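Dear colleague,

Please find below the structure that I am handing over to you.

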Amino acid sequence: MASTPLTYLNHEHSVASWLLTKDHKRIGVMYLLVVTLAFFVGGLFATLIRLELATPAGDLLSNDDYNKMFTMHGVVMVFFVLIPAVPAILGNFVLPLMLGAKDVAFPKINLLSWYVFVIGFLFTVYAMVTGGVDTGWTFYTPYSSRASNSNVMMTGIGVFITGFSSILTGLNFMVTIHRMRAPGLTWFRLPLFVWAVYATSLVQILGTPVIAITVLALAIERGLHFGIFDAALGGDPVLFQHMFWFYSHPAVYIMILPPMGAISEVIACFSRKSIFGYSFVAFSSLAIAIFGFLVWAHHMFVSGISVYSALVFSFLTYAVAIPSAVKTFNWTATMYKGAIWLKAPMIWAISFLALFLVGGLTGLITAALGVDVHIHDTYFVVAHFHFIMVGGAVMGFFAGLHFWWPKITGRMYSEIWAKVAAIVVLAGFILTFGPQFILGYLGMPRRYHVYPDEFQVLNVLSSAGASILAVGYLIVGIYLIASLFKGEDAGANPWHATGLEWTTQSPPLPHNFEVQPIVTREAYEYGTQEVTVG
Amino acid sequence: MGDAIAVRGGHGDAHAHHHPDLQHHFDTLEQQHEAATLGMWLFLITEVLFFGGLFLAYMLYRVWYPVAWAEASRELDIVLGAFNTAVLIGSSLTMALAVRAAQTGKQRATVVWILLTMALGFVFLVVKYFEYKEKFEHHHVPGPNFVFAGPEAGPAQIYFSLYFLMTGLHATHMIIGFFIMAVIAWMAHKKRFTPEWYTPVEITGLYWHFVDIVWIFLFPLLYLVDRAGHFA
Amino acid sequence: MVGHISPKSTYYAVFAALMVGTAITVAVAFVNLGSFNFPVAIGIAITKATLVVLFFMHAKYSSKVIKLFVGTAFFFLAILLGMTMTDVLSRGLKTYPGGAGGSGYGERAPRVPGAAPAASREGQH
């Protein structure tokens with residue numbers, strides 16, 4: 001073999017060359033490391049929760065400790081895994097390549113956003129190891145502002161800091177997409193992943209500041225005894241909920257839009273077909289981002305808001321489901337009469353479709369005002385959002401990770417183990433969260449660790465499923481790491497995919513392209529070439 | 001899909017390619033300038049929503065407690081508030097003129113206008129200090145030492161919580177602006193800016209104007225509630 | 001090559017307009033317009049802010065993208081304020097004793113412990 005080609009991985013080796021890098025690809029890899037660590041931490045809390053819930057009595061953890069477990073599970077998974085995962089890891093790595101650019105618009109700010117993320121994570125971890133926080137990841141007042149004795153302020157500060165990471169990433173991506181597209185790369189020739197990341201950036205920029213001010217106001221209320229949410233002064237605790245959910249609902253679209261973008265790429269490639277209804281899928285990303293800001297009070301139907309307002313929010317929640325449905329139909333239509341190539345990324349993508357469908361439909365169930373009165377704060381809601389967040393967002397992330405892994409590392413992973421892991425995760429997931437729908441419908445409240453005996457069977461099934469799920473994720477970690485040492489060379493385009501990122505070597509050059517690409521074709525021209533694959 | 005046909009961009013405009021201020025991932029100075037201003041505008045959008053949360057709280061409670069709002073607002077000194085408004089608007093003018101000086105290559109004028117902006121901002125903060133001091137002496141700082149005569153004491157404390165949060169957050173942004181302006185003034189003093197590249201001055205200007213806009217809203221909302229005695 | 005250069009006269013004119021606006025705001029505040037004091041004050045503030053955005057911040061001479069972004073920011077701020085107020089203003093509307101009759105003042109506010117009841121219509125219940 002000739003001398004090793006220059007890549008972004010091997011051209012500099014020192015620790016400083018990583019920690020002071022301005023290369024979006026290295027920053028993406030660094031995000032992968034921290035997010036994986038966060039996933040483990042969040043998973044640890046989940047393990048303790050499911051262990052406790054295997055028996056009806058509160059025998060493993062005290063009441064307060066259990067409160068801390070579900071709180072910290074939520075905080076870590078929401079803010080340090082789901083929000084950054086696809087945008088900061090895959091987006092950072094792939095976006096400039098997809099656009100034919102040398103880097104993002106503001107490389108130094110990109111590095112700063114990683115440091116801000118790490119500092120926020122450290123603050124939050126510190127809060128957790130020095131006593132934890134027990135308010136629920138939703139931090140509702142007045143418990144969080146007046147009564148809780150746990151590390152609310154420290155966690156709030158950690159969340160506040162991390163929010164800036166999200167804002168800076170979104171800002172960077174938006175400017176990059178607006179101003180750094182390759183010649184000929186018009187908006188409607190963009191891969192749908194770019195549309196998804198753009199819509200996500202919009203949400204990050206508009207929504208994150210509101211949670212920042214909410215958490216800041218909460219911290220000041222707690223620390224300095226200001227009284228914005230204090231009922232004893234005439235304040236409104238529901239105001240906190242309005243401010244909190246104005247961000248936290250659009251936040252779930254930050255979590256799902258980029259994985260949906262990855263799914264579009266994977267399904268097109270492994271159906272060997274252009275995405276059905278490209279412009280509908282592109283506009284649906286924007287529609288989800290915009291409509292997503294109009295529905296937040298569906299989390300507050302039973303908090304004492306006006307019933308008229310609740311009706312409006314319920315109606316709008318049905319409206320926001322429409323663009324998601326459009327995407328689901330279009331992905332399915334893409335697969336119809338496509339030449340399905342069943343590689344690991346496609347298995348993750350198909351699992352995504354099934355699980356996201358269930359999650360989405362159950363979202364419609366919870367959106368019905370009358371029904372929600374009964375299932376709010378039960379396991380039905382917990383199951384619904386885990387189907388979307390884990391069955392949807394995490395599966396979508398894995399689909400994208402398995403799709404772009406060869407580009408990021410230059411290596412192929414074990415296809416057999418990847419398929420095994422995908423099946424194990426799918427089975428484990430369904431066993432974990434399927435029973436929770438039934439539990440919720442039967443009335444088991446969420447955030448309780450003591451429950452009536454008749455719920456035990458379903459809970460044991462759920463906990464058993466969780467152990468299978470954990471094994472599945474571990475298998476993924478093992479073969480991906482193994483691929484770094486033993487994986488075969490991927491080559492520039494192992495999937496024969498379209499997209500500018502596949503026209504350059506794997507791993508890419510430090511400056512991405514030898515010559516500036518010029519785009520003359522549409523996004524998914526799979527039909528124009530015939531390939532034979534093994 | 002990509003057909004890498006020709007080398008373009010970086011080697012096209014020889015002057016721009018070798019311009020010392022052109023960053024390597026951009027093709028032209030113009031692209032770089034547009035990216036920077038777009039980025040700063042996006043950041044300012046986040047600031048609109050950041051302050052927006054407090055405006056929401058303000059609005060909710062003003063609707064609920066018009067009497068408390070009227071009484072508490074009258075505790076603020078309208079003369080100082082109006083004076084500060086004029087000072088800050090003046091600093092926006094000097095900032096706009098600083099950007100213009102940088103655009104037209106007038107290095108010394110840029111420094112002078114920026115320093116004037118900082119001076120006016122400093123006056124604003126000094127006045128603010130005296131206002132806060134007076135609030136402290138009257139026990140209008142929310143918390144355990146809060147005192148307010150009459151039945152509206154509870155909501156009045158909410159008013160003052162918002163007053164300090166909003167003006168405090170605003171003042172924090174001004175202080176950050178000072179540091180940024182100090183750096184920009186130094187760079188201007190070192191003749192770093194040219195009519196081809198004055199981007200840092202422009203985006204600093206955008207930031208400072210935003211700070212002014214926030215105050216344009218804070219002044220009537222905090223100082224001018226029911227000065228005509230409609231509610232109380 | 002980069003950016004629009006405004007004449008100094010533009011800046012001075014805007015400055016003058018902003019000062020006049022400030023003076024008007026203060027003067028009108030002392031005139032009892034009832035419920036209209038608030039919209040008038042906000043209207044003047046919005047006008048002043050628009051002048052700053054268009055001329056001091058050069059939005060008038062900037063790309064369509066920037067104009068779109070500025071509009072977007074205030075649109076979503078309006079959503080935040082507007083949709084929350086639909087809740088606040090209609091709580092208990094015609095469905096709860098003491099609930100809103102529609103004007104949004106006084107009697108709909110929660111009773112603060114220990115304080116005297118709000119003036120207007122509480123005593124009727």
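**Contacts between the chains**

Chain A meets chain B through 48 residues of chain A and 38 residues of chain B. Please note that this is a predicted model. On the side of chain A that touches chain B, at least two residues each are supplied by α7 (152-179), α8 (192-224), α9 (237-271) and β1 (518-519) of chain A. The largest share comes from α8(A), with eleven residues. By class, this side of chain A has 29 nonpolar, 13 polar and six charged residues.

Chain B is also in contact with chain C, where 45 residues from chain C and 48 residues from chain B take part. The elements of chain C that give two or more residues to the side touching chain B are α1 (8-29), α2 (37-56) and α3 (64-90). Of these, α3(C) gives the most, with twelve residues. The side of chain C that touches chain B divides into 33 nonpolar, nine polar and three charged residues.

The residues of the contact of α4(B) with α1(C) comprise twelve nonpolar, two polar and two charged.

**The largest nonpolar core**

The largest nonpolar core has 293 residues, and those that touch the most other members are A:V194, A:V266, A:A399, B:I45 and B:L162. The largest share of this core comes from α9(A), with 23 residues. In chain C, domain 1 (1-62) and domain 2 (63-110) both give residues to the core, so the core lies between them.

B:I45 deserves a separate mention, as one of the core residues that touch the most other members. Leaving aside neighbours within four places in sequence, B:I45 is in contact with A:I205 and A:L206 of chain A and with C:F69 and C:A73 of chain C. As a general background, nonpolar side chains tend to be buried together in soluble globular proteins.

With kind regards

Conventions:
Residues are numbered from 1 along each chain as its sequence is written. Chains are lettered from A and ligands numbered from 1 in the order in which they are written. This is a predicted model: local features need pLDDT of at least 70, side-chain atom pairs count only at pLDDT 80 or more; totals for chains, interfaces and linings use all residues. Two residues are in contact if their C-beta atoms, placed from the backbone, lie within 7 Å. Helices (H or I, at least four residues) and strands (E, at least two) are DSSP runs, numbered from the N terminus. Ala, Val, Leu, Ile, Met, Phe, Trp, Tyr, Cys and Pro count as nonpolar, Asp, Glu, Lys and Arg as charged, and the others, Gly among them, as polar. A nonpolar core is a set of buried Ala, Val, Leu, Ile, Met, Phe, Trp, Tyr and Cys residues joined through C-beta atoms within 7 Å. A residue is buried if 20 or more other C-beta atoms lie within 10 Å of its own, exposed if 12 or fewer, and partly exposed in between; C-beta atoms are placed from the backbone. Domain bounds come from an automatic or database domain assignment.
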